[in-house]
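User: Please take a close look at one helix pair in this model. I want the geometry of the packing and the residues that make it.

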Amino acid sequence: MKDLRIAGKLLQFNGWLTLLFGILLTAIYIYSQGAAFTIKAAAPAILFLSWCVALISIGGKIKSGARIYKIPGIIASLLSLITSPIGFIFGLASLFYQIRGKDSFLNS
């Protein structure tokens with residue numbers, strides 16, 4: 001169960017850190033481009049926000065050991081590998097700990 005807690009915390013930290021950098025970069029983009037380009041930034045920002053919320057949510061469920069989130073956790077970790085350098089580091093570590101703790105998932 002300890003491995004799953006670590007894997008969940010890593011996914012959650014990945015989500016929060018990615019969200020922090022994303023908000024910072026979006027604010028810089030909007031500031032530099034002006035208010036006219038905020039509409040162009042809306043769709044990628046919403047997609048990005050939903051990805052960060054999914055990482056945080058799936059990380060929390062893995063941390064609690066919910067068996068139903070076993071496959072979504074692995075998929076989120078694999079997708080994190082290709083999204084960013086931060087995602088690569090934390091996704092790989094989370095995937096490693098999920099594989100190590102695969103037998104610790106609860107039957108709920």
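Analyst: α1 and helix α4 (residues 85-100) pack at an angle of about 165°, and their axes lie 8 Å apart. Axes are lines fitted to C-alpha atoms, for helices over the stretch in contact, and angles run from 0 to 180 degrees between N-to-C directions. That makes α1 roughly antiparallel to α4, a term for angles over 145 degrees. Their crossing is left-handed: the near helix is turned anticlockwise from the far one by less than a right angle.

The model is predicted: local features need pLDDT of at least 70, side-chain atom pairs count only at pLDDT 80 or more, and totals for chains, interfaces and linings use all residues. Numbering starts from 1 along each chain as its sequence is written, and side-chain values use heavy atoms, without hydrogens and water.

Contact means heavy atoms within 4.5 Å. On α1, the contact residues include Leu4, Ala7, Leu11 and Phe21. On α4, Ile86, Phe90 and Tyr97 are among them. The contact residues divide into twelve nonpolar, five polar and two charged. Here Ala, Val, Leu, Ile, Met, Phe, Trp, Tyr, Cys and Pro count as nonpolar, Asp, Glu, Lys and Arg as charged, and the others, Gly among them, as polar.

Leu4, Ala7 and Leu11 also belong to the largest nonpolar core, which has eight residues. Such a core joins buried Ala, Val, Leu, Ile, Met, Phe, Trp, Tyr and Cys residues through side-chain atoms within 4.5 Å; buried means under 20% relative accessible area (1.4 Å probe, protein chains only). Phe105 is another member. Phe105 touches Leu4 and Arg67, among others, not counting residues up to four places away in sequence.

Key. Buried means under 20% relative accessible area, exposed over 50%, partly exposed in between (1.4 Å probe, protein chains only). Helices (H or I, at least four residues) and strands (E, at least two) are DSSP runs, numbered from the N terminus. Angles under 35 degrees count as roughly parallel, over 145 as roughly antiparallel, 65 to 115 as roughly perpendicular and the rest as oblique.
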